[in-house]
Amino acid sequence: MMKLLASTTLALASLLVTTQAFAERPDFSKTAAARADYLFADNPVAKQNQVPLSSSRHDFSKTTAANSEYHFIDNPPADETELEPRTTQHDFSRTEAARKQS
């Protein structure tokens, strides 16, 4: 079964590589910039990038609490619930691989 899977995988991989190798590549030698007398200095100046950059900052001046008449004391109290401590430990003895070894 593994030999069949491996040979199928290799056949698909070689097919993908072969099709990419024979794909038509653009011929830039036919462009105007490929001429020896082309002056790159005559190109128009690139304009400033107008794409807005993402930001993690939030404008809190637009929130309700930014109002000078807002009273934080009127906020409802937070629920005091005790959460279970989180851990990054994992019990590998319960995995299927551990069961097979024993």
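Helices and strands here are DSSP runs, a helix needing at least four residues and a strand at least two, numbered from the N terminus. Counted that way, this protein has two helices and zero strands. Keep in mind as you look around that the model is predicted.

**Stop 1: the whole chain**

The C-alpha atoms fill a box of roughly 75 × 65 × 15 Å along the principal axes. Now for a comparison: a compact globule of 102 residues would have a radius of gyration near 13 Å, while this protein has 32 Å.

The accessible surface comes to about 11,300 Å², and carbon and sulfur atoms account for 58% of that. How many of the 102 residues count as buried, as a percentage? The figure is 0%.

**Stop 2: helix 1 and Leu-10**

Select residues 2–21, which make up helix 1, and pick out Leu-10 within that stretch. Is Leu-10 buried or exposed? Its relative accessible area is 60%, and the cut-off for exposed is over 50%, so Leu-10 is exposed.

**Stop 3: the loop and Gln-89**

Move on to Gln-89, which you'll find in the loop between helix 1 and helix 2, the latter covering residues 96–101. Gln-89 is exposed too, with a relative accessible area of 67%.

**Stop 4: a salt bridge**

Side chains of opposite charge can pair when their charged atoms come close. Where does that happen here? Select Asp-37 and Arg-35, and show their side chains: they meet in a salt bridge, with 3.2 Å from N to O. The count for the structure is one salt bridge.

Check how open each partner is. Asp-37 is exposed at 55% relative accessible area, whereas Arg-35 is partly exposed at 47%.

**Stop 5: two aromatic pairs**

Time for some rings. The protein has two aromatic pairs. Begin with Tyr-38 and Phe-40, whose ring centres lie 4.9 Å apart with 75° between the planes, an edge-to-face pair. Tyr-38 is partly exposed, at 25% relative accessibility, and Phe-40 is exposed, at 54%.

Then select Tyr-70 and Phe-72. Why is this pair called edge-to-face? The ring centres are 5.0 Å apart and the planes stand at 80°, and planes over 60 degrees apart count as edge-to-face, so the label applies. In this pair Tyr-70 is partly exposed, with a relative accessible area of 29%, and Phe-72 is exposed, with 55%.

**Last look**

Zoom back out and go over what you've selected: two helices and zero strands, one salt bridge and two aromatic pairs, in a protein where 0% of the residues count as buried.

Key: Residues numbered from 1 in each chain as written. Predicted model: local features only at pLDDT ≥ 70, side-chain atom pairs only at ≥ 80, totals over all residues. Heavy atoms only, no water. Salt bridge = Lys/Arg side-chain N within 4 Å of Asp/Glu carboxyl O. Buried < 20%, exposed > 50% of the residue type's maximum accessible area, 1.4 Å probe, protein only. Phe/Tyr/Trp six-rings, centres within 6.5 Å; stacked < 30°, edge-to-face > 60°. Rg over C-alpha atoms; globule rule 2.2 N^0.38 Å. Areas by Shrake-Rupley, 256 points an atom, 1.4 Å probe, with all protein chains shown as cover.
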